[in-house]
Amino acid sequence: MSLIAFFSGSLIPAMFVFTVQPPSEVKVAFEHRFANISDLKWHKENNHEYEASFKIAGAEYSANFDHTGKWLETESAIECDQLPEKVKAAFNASYPGAKVKESAKIESYDAGTHYEVEFRRGGKTIELIYNPDGSLEKA
């Protein structure tokens, strides 16, 4: 195993993680779902889940699979202006003047599509998860 560090600005929080080789079922499922990737790194989320971090055309992605190769979730970094209008409107109405630090599109097998908005307030980083219709899913 080799030690790698992910730094702020990536989809994975700044921490040290060990790279791993996922089971062949996970690799095959990943290869069927994603093409033309670069900078692929795997790590283990828990005993039954693997996460790949990678880039497609320079954009950052992460994807999670269970140990059998079942796709669980994909998160992709997006620019603020790529957020749905309803999400931007809801955020701006609740946090006028707040500057978004990072945003992402999250697609999952069981919950569909959501959007993450990260910003700073009072010295703290706040992450919000919105539904495409602009309703707040999780604060």
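Predicted model: local features only at pLDDT ≥ 70, side-chain atom pairs only at ≥ 80, totals over all residues.

## Strands side by side

N46 has E49 in β4 as its bridge partner. That bridge belongs to a pairing of β3 with β4 (residues 49-56), which runs antiparallel over seven bridges; two strands count as paired if DSSP finds at least two bridges between them. To get from β3 to β4, the chain goes through a hairpin of two residues. Strands here are DSSP runs of E with at least two residues, helices are runs of H or I with at least four, and both are numbered from the N terminus.

β4 also pairs with β5 (residues 59-66), again in the antiparallel sense, this time over eight bridges.

Residues are numbered from 1 along each chain as its sequence is written, and side-chain values use heavy atoms, with hydrogens and water left out.

Where does N36 lie? Look in the loop between α1 (24-33) and β3 (37-46). N36 is not a glycine, yet its phi is positive, near 55°. With 71% relative accessibility, N36 counts as exposed (over 50% is exposed, under 20% is buried, and partly exposed is in between, using a 1.4 Å probe and protein chains only).

D39 is another non-glycine with a positive phi, about 55°. This residue lies in strand β3 itself, and at 43% relative accessibility D39 is partly exposed.

## The whole chain

Stepping back, the protein has two helices and ten strands. Along the sequence they come in the order β-β-α-β-β-β-β-α-β-β-β-β.

Of the 139 residues in the protein, 38% are buried. Among contacts (heavy atoms within 4.5 Å) with a separation of 6 or more, 36% are between residues 24 or more positions apart. The accessible surface is about 8200 Å², and carbon and sulfur atoms hold 50% of that; the areas come from the Shrake-Rupley method with a 1.4 Å probe, and for residues only the protein chains shown count as cover.
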